[in-house]
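I opened the model today to look up a few sites. My notes follow in the order I took them.

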Amino acid sequence: MHPESLINDKINQLLKENRLGKTSADKAFESRLFDHLPLIHRLFGEIYSAHPAAEDQFFQLIVSLVQGHQSREKALIKRDQEKAKNGIWYLSNELAGMSLYVDRFAGHLKSMPDKLPYLEDLGVNFLHIMPIFESPAGESDGGYAVSDFRKVDARFGTLEELISLRKKMHHQGMYLMLDIVLNHTSHHHEWARKAKSGDSYYQDFFYTYDNRWIPNEFDAAMPDIFPESAPGNFTWNEEMGKWVMTVFHSYQWDLNYTNPIVFREMMENILFYGNLGVDLLRIDAPAFIWKKTGTSSQNLTEAHTLLRLIKQCVQVATPGMALLGEAIVAPKEIMNYFGTGEFIAQECDFAYNATQMALQWDMLASGETQIMLNAQHEILKKPYGTSWITYTRCHDDIGLGYDDYMIAQAGKDPYQHRKFLKEYYSFSGEQWMSPARGALFSSNPKTGDARISGTLASLCGLEKALIENSPLGIDQSIQKILMMQAHSIFLGGLPMLFYGDEIGYTNDYSYQNDPGKSYDNRWMHRPIIDWEKVAKAKTEGTVENRIFSALKKMLQIRKQRDLFSDLSNITWMGPHNIHIAGFVRRKGNERVYCLYNFSDQAAYLTWYAFREQGEGAEVLLDMWAETEYRIGPDHEYLILAPHGFVILEPK
Ligand code: GLC
């Protein structure tokens, strides 16, 4: 490849000769391009310099950036500039999100605009529209097996309808998040079809092998992602007469990022999404994008280099689009997705706080907070300028991916504790001790691992309480739902509700009758919204109303105080009561104490817990219950109701 010192001159010359397309209309773009060029060149070279197509693909990549910028609508360029003016726009406490499937929520893209007032009423102004690009029915993995990255699947509508929805959303002050499924394509994607037909150019887009030698080497060190429905990491393709790497389902072919053409093509797709007006791009499964025999092929250094390269390119061409890395990985790995060393806060802008999410469920089952506290030394390293997606659950299973030592340090046996959690949340018909109704997902008999499926409401006991017609059970489960939501809404980051949870949807077992879904019990917590049920949220006292109105109030509280913006990490309060998780949010001299009782008994917290924070206050106002507490002496207590919570600010 060209030496680094000459790269700016070379690009300058190509620009002058108009061989990269015209940029002169936008000086700001040109200056971004030249600012980032050396780093783009270096990162690209780190991965591809030895590849014969490296130089050619590098210049093609620059052309893609120029073209990506040229295709950007004026309105989006203006939005980029406005975002840049407002500091780091995505740290704002005024953002509140929801993930939803267009078809299951509204039926069709056409109907989405009519549903926006409902979301607005709840306080949601940030939409994660679950994958909507073409994906073969029956082999779609909920849209994560994409056969055309640029065509909206006819089931949902058209690209024009998507753009018109985005325009309406932006006009109303809303934000849009979409996915790029970076790691794999559907085996129906044009590249895979050409590979199957014997085209070696496209076979190089994937990891294809004539025999089992290399696949065996990979398999020896790679875990199974879906051990029940898709064991192993390779699939034999008869048509091609080759093995192909399929880490997820056998119909999802892993893209080969050792090929710079694949990177450049996918980068163009990323910019295409940027130009659709995406505000936050969810990079699906980034931990998996680089593979190496003898390793788990997850979280590898090269995967981080590629993400940094993507970040640099996006900053040049579509700078208003932030990046979310969907890395659901061990606590010590997750921080690396925010960037390390000279790249701190220069990789993904967001990550899912999956550790804390899972630990909320741990605390709910055990009623104890120690394991969660033992994980914090990892989670609290998040650098300034980056943020979490905070959530109680999403469309995926809940993995119990925190480390064994965190459990052991709490004095528990990791194997027995995980067994307890799995039994607590999965319903085998013999659960005398647990009100939760969920199911195990992807049980791996080899390792004993399993994850958990089920809606927030069912896992909190609402399904059982409704079946038993138990008013007490209903009250208790609603209290749990609200505490879980309050925990993730005030935690720090962008709260992302999952559609249906705002009105207490319980599990939907109808997926079992659909052969395209029955092998995947995550569908039990992906409801089809019945708008008559939604309407009940308007009637005082209904379950729907109790949950909806409480969530609405939480989001309002969060929006009122910019102290809830994610400008600094939280501080955990001393563990004076093992059942209470308490953290402090601070901004300047302002502070708020958020406390949650994870036990089903009243819990007592010494007033010393507040004094210990070193900030004198006499009276605390609970923004949630709108009551006041006078801070008493150390031997007196704040009493939290079973599964109760308080959001206290000094008066
Ligand atoms: C992500 C998605 C999940 C999907 C997987 C494979 O983890 O959230 O739903 O199955 O990627 O694309």
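**Entry 1: the ligand**

I am working from a predicted model. I started with the ligand and looked at His184, where a polar side-chain atom lies 2.9 Å from a ligand oxygen. Next I checked Asp396. One of its polar side-chain atoms lies 2.4 Å from an oxygen atom of the ligand. For Arg522, I found a side-chain N or O atom 3.2 Å from a ligand oxygen. I then looked up the cover: the ligand has 300 Å² of accessible area on its own, and the protein covers 94% of that.

Which residues are around the ligand? I listed Asp141, Tyr144, His184, Phe226, Phe248 and Gln252 among them. Arg282, Asp284, Glu326, His395, Asp396 and Arg522 are also in the list. By class, the shell has six charged, three polar and three nonpolar residues.

**Entry 2: salt bridges**

How many salt bridges does the structure hold? I noted 43. I picked out a few.

Glu190 pairs with Lys194, with 2.8 Å between the closest N and O atoms. Both residues sit in helix H8, residues 190–196. They are four residues apart there, so about one helical turn separates them. Glu190 is partly exposed because its relative accessibility is 40%. Lys194 also counts as partly exposed, at 29%.

Glu468 and Lys464 form another salt bridge, at 3.4 Å from N to O. I logged Glu468 as partly exposed, with 47% relative accessibility. Lys464 is partly exposed at 23%.

The side chains of Glu626 and Lys553 also meet in a salt bridge, 2.9 Å from N to O. This pair links distant parts of the chain, 73 residues apart. Lys553 is in helix H22 (residues 543–560), and Glu626 is in the loop between E22 and E23. I read Glu626 as exposed, with a relative accessible area of 58%. Lys553 is partly exposed, at 24%.

I also found a network: Asp141, Asp396, Asp520, Arg522 and Arg526 are joined by salt bridges that share partners.

**Entry 3: backbone angles**

I went back to Glu626 for its phi. The angle is positive, about 60°, although Glu626 is not a glycine. Most residues other than glycine have a negative phi. The loop that holds Glu626 runs between strand E22 (619–622) and strand E23 (627–630).

Ala345 also has a positive phi, about 65°, and is not a glycine. I placed Ala345 in the loop between helix H13 (331–334) and strand E13 (350–352).

Is Gly588 buried or exposed? I noted it as exposed, because its relative accessibility is 71%. Gly588 lies in the loop between strand E19 (580–587) and strand E20 (590–597). I checked the gap to Leu563, 25 residues away along the chain: the C-alpha atoms of Gly588 and Leu563 are 8.6 Å apart.

Glu649 counts as buried, at 15% relative accessibility. The cut-off for buried is under 20%. Glu649 lies in strand E25, residues 645–650. Its side chain makes a polar contact with the side chain of Arg561, at 2.4 Å.

**Entry 4: a surface patch**

Last, I looked up a nonpolar surface patch. Ile88, Tyr384 and Leu567 make it, and its area is about 280 Å². I placed Ile88 in the loop between helix H4 (74–85) and strand E1 (97–100). Ile88 is partly exposed, with 31% relative accessibility.

Technical notes:
Residues numbered from 1 in each chain as written. Predicted model: local features only at pLDDT ≥ 70, side-chain atom pairs only at ≥ 80, totals over all residues. Heavy atoms only, no water. Patch = residues over 30% accessible without salt bridge, like charges linked within 9 Å, V, L, I, M, F, W, Y side chains within 5 Å. Areas by Shrake-Rupley, 256 points an atom, 1.4 Å probe, with all protein chains shown as cover. Salt bridge = Lys/Arg side-chain N within 4 Å of Asp/Glu carboxyl O. Helix = DSSP H or I, 4+ residues; strand = E, 2+ residues; numbered from the N terminus. Buried < 20%, exposed > 50% of the residue type's maximum accessible area, 1.4 Å probe, protein only. Near = heavy atom within 4 Å. Polar contact = N/O pair within 3.5 Å; in protein donor to acceptor, adjacent residues only side chain to side chain. Nonpolar A, V, L, I, M, F, W, Y, C, P; charged D, E, K, R; others polar.
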